[in-house]
Amino acid sequence: MNSENILYVITGATGHIGSKLAETLLRASKRVRAVGRDRAKLDRLGKLGAEIFIGDVETQASMDKAFSGAHAVFTL
């Protein structure tokens, strides 16, 4: 598998830890799907190149969609 195609999904991407991880991966030119509940808070990561996903970690269907195609998932 080509490392450029690996998709990392970060839940809680607007939090202290999740945002730092997402920023680090994006700076390394990795594909990131940033998951959170508030689009306005996720917009900053979107501007850095993250794919934005609005979802609720307490909803199975939402997380099924968020994790679709992921090679690695960070949850906290």
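**View 1. Ile54 counts as partly exposed, at 38% relative accessibility.** Partly exposed lies between buried, under 20% relative accessible area, and exposed, over 50% (1.4 Å probe, protein chains only). Ile54 is found in strand E3, residues 51-54. Helices (H or I, at least four residues) and strands (E, at least two) are DSSP runs, numbered from the N terminus. Setting aside neighbours within four places in sequence, Ile54 is in contact with Gly36, Arg37, Asp38, Arg39 and Leu42; contact means heavy atoms within 4.5 Å. Leu42 is twelve residues from Ile54 along the chain, and their C-alpha atoms are separated by 8.6 Å.

This is a predicted model: local features need pLDDT of at least 70, side-chain atom pairs count only at pLDDT 80 or more, and totals for chains, interfaces and linings use all residues. Residues are numbered from 1 along each chain as its sequence is written, and side-chain values use heavy atoms, with hydrogens and water left out.

**View 2. The whole protein chain has three helices and four strands.** Along the sequence they follow the pattern β-α-β-α-β-α-β. The radius of gyration of the protein chain is 11 Å, close to the 11 Å that the globule rule gives for 76 residues, so the chain is as compact as a globular protein of that length. This radius is taken over C-alpha atoms, and the globule rule is 2.2 Å times the number of residues to the power 0.38. Along the principal axes, the C-alpha atoms fill a box of roughly 30 × 25 × 20 Å. Of the 76 residues, 33% are buried. Among contacts with a separation of 6 or more, 47% are between residues 24 or more positions apart.

**View 3. Strands E1 and E2 pair in the parallel sense over five bridges.** Two strands pair if DSSP finds at least two bridges between them. Strand E1 covers residues 7-11, and the bridge partner of Tyr8 in E2 is Val32. Five of the six residues of strand E2 (residues 31-36) are buried, so E2 is largely enclosed by the rest of the structure.

**View 4. Thr11 of strand E1 is buried, with a relative accessible area of 6%.** Leaving out neighbours within four places in sequence, the contacts of Thr11 are Val35, Val57, Met63, Phe67, Phe74, Thr75 and Leu76.

**View 5. Gly18 lies in helix H1, residues 16-27.** Gly18 counts as buried, at 4% relative accessibility. Not counting residues up to four places away in sequence, Gly18 touches Ile10, Gly12, Ala13 and Phe74. Gly36 is 18 residues from Gly18 in sequence, and the two are 10.0 Å apart in space, C-alpha to C-alpha.

**View 6. Ser29 lies in the loop between H1 and E2.** Ser29 is exposed, with a relative accessible area of 62%. Although Ser29 is not a glycine, it has a positive phi of about 60°.
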